Amino acid sequence: MCGIFGIYGHENAAAMAHLGLYSLQHRGQESSGIVAVDRELGARAMKSMGLVSEGLGIPDVQSLPGDIAIGHTRYSTAGSSTIENAQPMLARFRDGHIGLAHNGNLTNASELRRNLEDGGSIFTSTMDSEVLVHRIARSSSDKPEERLADALTGVEGAYCLVVAMGDTLLAARDPRGWRPLVMGKLGTATVFASETCALDLLGATLEREVERGEIIAVDRNGVRSSFPLAPLESRKCVFEYVYFSRPDSQVFGGSVDRARRALGRRLARDFPAPTADFVFSVPDSSNSAALGFAEESGLPLELALIRNHYVGRTFIQPTQAGRDAKVKVKYNAVREVLSGKSVVMVDDSIVRGTTTRGLVSMVRAAGAREVHLRVSSSPVTGPCYYGIDTPNREELIAANMTIEEITQQVGADTLGYLTLDGMLESVPGGPEGFCHACFSGDYPTPPPADSEKLRFGCGC
Ligand code: AMP
């Protein structure tokens with residue numbers, strides 16, 4: 001998963017992108033970068049591994065003049081976390097520069113790449129996004145939005161893009177609209193961001209979502225919208241509401257906070273825990289769902305788990321032993337709250353089950369008498385090919401065990417997951433128009449071969 005940001009017509013464009021990336025940090029912590037375009041000096045890039053605060057300092061940003069900027073925070077798939085794969089990409093071709101930042105995953109990238117390589121193209125990264133840069137450069141059109149439309153024709157899968165080409169800033173969203181992208185105004189400047197929380201930080205006002213299949217071009221003549229790609233059915237990612245986006249954001253035109261509370265309320269109705277003394281969340285991603293559960297059930301909400309905020313989502317461990325240790329580094333239980341109690345623990349999702357098992361055992365060690373686990377999504381039974389870093393089926397606990405077996409495996413007394421319908425009926429704009437492939441197996445495109453996903457996936 002990744003966060004993307006773009007701004008046109010601001011005298012401190014790179015500084016605004018820098019701020020915007022801080023609020024999109026939750027969408028990717030492995031690398032970050034900014035490309036700024038100065039009309040005299042041209043385009044410059046600054047990229048770094050790690051968090052925005054670690055890698056991109058104020059002096060770096062001050063060395064990026066210009067009134068157009070794009071930015072990116074990246075969370076990749078395994079094995080591709082290198083500086084070569086940091087975005088935005090910046091390339092130069094016969095007609096100038098192309099800066100590109102991408103959120104999503106292209107499902108036919110390996111085929112497109114092979115075609116380009118057969119024609120002599122050379123790649124500098126293993127990212128699917130680089131295919132787009134080549135395809136833009138090959139277009140014979142001289143209008144930036146037509147170049148981008150040419151490049152995107154025949155591209156399958158998920159993309160939200162911000163592209164700096166010449167003196168034009170472009171934003172695009174794939175025809176199924178998997179990932180969120182909004183447009184806002186900051187004075188006379190035009191801003192694009194994955195989530196509205198980035199607009200809030202800048203003091204920008206939300207204008208609207210970038211529509212499915214839309215390309216927006218911003219230049220000195222103003223803002224132009226076009227829909228050059230064949231329309232397809234809406235497939236917004238329901239996991240954006242469940243886990244990925246920030247609760248203070250509006251995504252897909254709905255509030256993430258309201259979505260998560262509704263998921264929690266539905267969970268309380270469908271899987272009540274009448275013997276429990278209180279509810280608590282696995283912070284922070286489950287906070288709003290636990291609030292919803294508490295509101296609906298009438299049970300008090302307690303703070304029974306404390307999260308160490310300095311570990312973040314970056315503490316990624318390749319081994320199971322490492323993942324087990326990670327749970328303890330990241331969370332601790334409050335003995336005074338839990339001792340002798342029957343509790344409802346609300347989590348937003350179970351993927352491998354490692355976190356859950358570690359947390360249930362931690363909560364019991366702190367004295368909890370009964371642990372009723374409630375999950376504000378359906379069982380994750382398949383990988384995501386559209387930008388969320390979910391492991392392969394073999395590692396997904398719900399793909400390999402029944403609910404009873406999972407209950408035993410994680411050590412809970414009872415376990416309730418939302419049903420697919422319960423989840424889809426709870427989110428804003430539901431139940432139609434969502435991608436729920438990782439829960440239902442209903443993939444909107446042919447899945448790529450796993451080896452190709454690992455080799456070429458940008459995983460953002
Ligand atoms: P586990 O079941 O141990 O693999 O991890 C489940 C936890 O990871 C849940 O509490 C989620 O909040 C969180 N989570 C879900 N999806 C992802 C993801 N794609 N990347 C990182 N964390 C995730």
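A: Serine 129 is buried, with a relative accessible area of 0% in this predicted model. That counts as buried because the cut-off is under 20% relative accessible area. The residue is found in helix 5. Look also at alanine 109: serine 129 and alanine 109 are 20 residues apart in sequence, yet their C-alpha atoms sit 8.2 Å apart in space.

Now widen the view to the helix itself. Helix 5 is mostly covered, with nine of its ten residues buried. Besides Ser129, the buried ones are Glu130, Val131, Leu132, Val133, His134, Arg135, Ile136 and Ala137.

You'll find Pro144, Glu145, Arg147, Leu148, Ala149, Ala151 and Leu152 on the buried list. Part of what covers them is helix 5 (129-138), along with strand 5 (89-93), strand 7 (160-165) and strand 8 (168-173). Strand 12 (215-219) and strand 13 (222-226) also contribute to that cover. After helix 6 comes glycine 154, which has a positive phi near 90°.

Proline 88 sits in the loop between strand 4 (68-74) and strand 5. The peptide bond running from glutamine 87 to proline 88 is cis, with omega near 5°. Another cis peptide bond links glycine 430 to proline 431, with omega about 5°. Proline 431 has its place in the loop between helix 16 (420-426) and strand 24 (434-435).

While you're looking at backbone geometry, have a look at phenylalanine 252. Its phi is near 50°, a positive value in a residue other than glycine. You can find phenylalanine 252 in the loop between strand 15 (250-251) and strand 16 (254-255). Phenylalanine 252 is also buried, at a relative accessible area of 9%.

On to the ligand. Which of the 15 residues around the ligand come nearest? Those are Asp348, Val351, Arg352, Gly353 and Thr355. By class, the shell has six nonpolar, five polar and four charged residues. Helix 8 (238-244) and helix 13 (354-365) each supply at least two residues of that shell.

For the polar pairs, start with threonine 355, where a polar side-chain atom lies 2.5 Å from an oxygen atom of the ligand. Aspartate 347 has a side-chain N or O atom 2.9 Å from a ligand oxygen. With aspartate 389 the pairing goes through the backbone: a polar backbone atom is 3.4 Å from a nitrogen atom of the ligand. On its own the ligand has 500 Å² of accessible area, and the protein covers 86% of that.

One more local spot is threonine 407, in helix 15 (residues 403-410). Threonine 407 is buried, with a relative accessible area of 12%. A polar atom of its side chain lies 2.6 Å from the backbone oxygen of isoleucine 403. Setting aside neighbours within four places in sequence, threonine 407 is in contact with Ala412, Asp413, Thr414 and Leu415.

Finally, zoom all the way out. The protein has 18 helices and 24 strands. Its C-alpha trace spans about 70 × 45 × 40 Å along the principal axes. Of the contacts with a separation of 6 or more, 69% are between residues 24 or more positions apart. As for the surface, the protein exposes about 17500 Å², with carbon and sulfur atoms supplying 50% of it.

Definitions and conventions: Residues numbered from 1 in each chain as written. Predicted model: local features only at pLDDT ≥ 70, side-chain atom pairs only at ≥ 80, totals over all residues. Heavy atoms only, no water. Helix = DSSP H or I, 4+ residues; strand = E, 2+ residues; numbered from the N terminus. Buried < 20%, exposed > 50% of the residue type's maximum accessible area, 1.4 Å probe, protein only. Polar contact = N/O pair within 3.5 Å; in protein donor to acceptor, adjacent residues only side chain to side chain. Contact = heavy atoms within 4.5 Å. Near = heavy atom within 4 Å. Areas by Shrake-Rupley, 256 points an atom, 1.4 Å probe, with all protein chains shown as cover. Nonpolar A, V, L, I, M, F, W, Y, C, P; charged D, E, K, R; others polar.
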